[in-house]
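Open your viewer and get your selection tool ready.

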Amino acid sequence: MPRFDESDPKIIKILPPRGEHDHVEEFGEMFQKWIDRMEAGGDRFGIMLINEPHDHDHDGEEGHEHQRNEEEENAITALVTKFRRENRERTNQSTIGYASVYTGEMTDEQFEKANERTAQFAAYMFGVRGQMFKQPEQAAAWLHEVAELEPLPLEGKGDAADGATSAAIFYGSTTGATELIAEKVQAAWASANGETLPIVNVGDQSQLMNLLQYNKLLLGIPTWNIGKLQDDWEIVYPYLERIDLSDKTIAIFGVGDQYGYPENFQDAMGILGFKLIERGATLVGYTSVTGYEHEYSKAIDGDQFIGLAIDDVNQPELTDGRVKAWVSQVTTEFNQ
């Protein structure tokens, strides 16, 4: 169980638990404390999560340990995503910011990347500013500093338009990484076509009825864990079995990590894409597998990916160029 320190009225400090603990239960306790504070009303407050390095005990059963860790990660992902769906607007208004503290050793490059991920995670999940620190005192000072700032503006991405545009972008995102790519696709489309497409988070949809307003769609999906659908897409995926997509032309962009998961790179794009084909959709936007290093992918048809494969972890310098070229290609193929 985590320990909470609320001696500073502007901060809920979540301290590492003592001894053995359940990470899923730990996150649940944190979110419940967060919800209780919001429901109590009062001034805006900040969240400080302190992560201390620790050794993991292994029982020698590597396969069992790997399975347990994967199950735990899946459960935490579902918990965090549920909190986002139900509370993001409230956290945006009630919470100053989200500070993550890690007291272990990290190189400057590792810290910089972790800081970027923290900011991205906080903005996407909670609608607040986020930053990473090496010491709790630094995090507390930052939270007091940003307390003077207005809440971040939440863009209206939850609802599709009334079909006035020729196409729309639907995406699912667990940490915000795919949302950023969706925004790049939106910007590239506007630059190429002079038209700003609606951008819709499937996590804000109870079903995919809004998708049916458009005959042309750009869909974004990351591969999560080991070759699995992202959580929001997993929820709406069964709905695809009940709709006819024979009048839809669809292009897919996937987000993955070719070095971290070489045997499952872009699998979710393949799972979604081939289901769309099964339901009658015409898929466009196929791209070459050249320039990637991986062992296997469910997203490959012949010698091509069935959509745009983005690896912003290992090849961030290629992302903008890949998006721009793909949007140009899709524009042409949509009009054929």
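For the first stop, count Ala, Val, Leu, Ile, Met, Phe, Trp, Tyr, Cys and Pro as nonpolar, Asp, Glu, Lys and Arg as charged, and the others, Gly among them, as polar. Keep in mind as you go that this is a predicted model.

**Stop 1: the cavity.** Select Arg44, Asn92, Thr95, Ile96, Gly127, Val128, Arg129, Glu150, Pro151 and Leu152, which line the largest cavity. How do the residues of this lining divide into nonpolar, polar and charged? There are 4 nonpolar, 3 polar and 3 charged.

**Stop 2: the aromatic rings.** Now switch to Phe27, Phe31, Trp34, Phe83, Tyr98, Phe121 and Phe126, which together form one aromatic cluster. With ring centres required to lie within 6.5 Å, the structure has 16 aromatic pairs. Zoom in on Tyr98 and Phe126: their ring centres are 5.3 Å apart and their planes meet at 45°, so this pair is tilted. Tyr98 belongs to strand S4 (residues 95-102) and Phe126 to helix H3 (residues 108-126), so the pair links parts of the chain that are distant, 28 residues apart. Colour the two by accessibility and you will find both Tyr98 and Phe126 buried.

**Stop 3: charges over rings.** Select Arg84 and Tyr124 next: the charged end of Arg84 sits over the Tyr124 ring, 4.5 Å from its centre. Finish with Lys33, which lies over the face of Phe4 at 5.1 Å from the ring centre.

Methods
Residues are numbered from 1 along each chain as its sequence is written. This is a predicted model: local features need pLDDT of at least 70, side-chain atom pairs count only at pLDDT 80 or more; totals for chains, interfaces and linings use all residues. Side-chain values use heavy atoms; hydrogens and water are left out. Rings of Phe, Tyr and Trp (its six-membered ring) pair if their centres lie within 6.5 Å; planes under 30 degrees apart count as stacked, over 60 as edge-to-face and the rest as tilted. Helices (H or I, at least four residues) and strands (E, at least two) are DSSP runs, numbered from the N terminus. Buried means under 20% relative accessible area, exposed over 50%, partly exposed in between (1.4 Å probe, protein chains only). A charge sits over a ring if NZ of Lys or CZ of Arg is within 6 Å of the ring centre and within 35 degrees of the ring normal. On a 1 Å grid over the protein atoms alone, a cavity is a set of points where a 1.4 Å probe fits but cannot get out, and a pocket is an open set with protein on both sides within 12 Å along at least five of seven lines; lining residues have an atom within 4 Å of a point.
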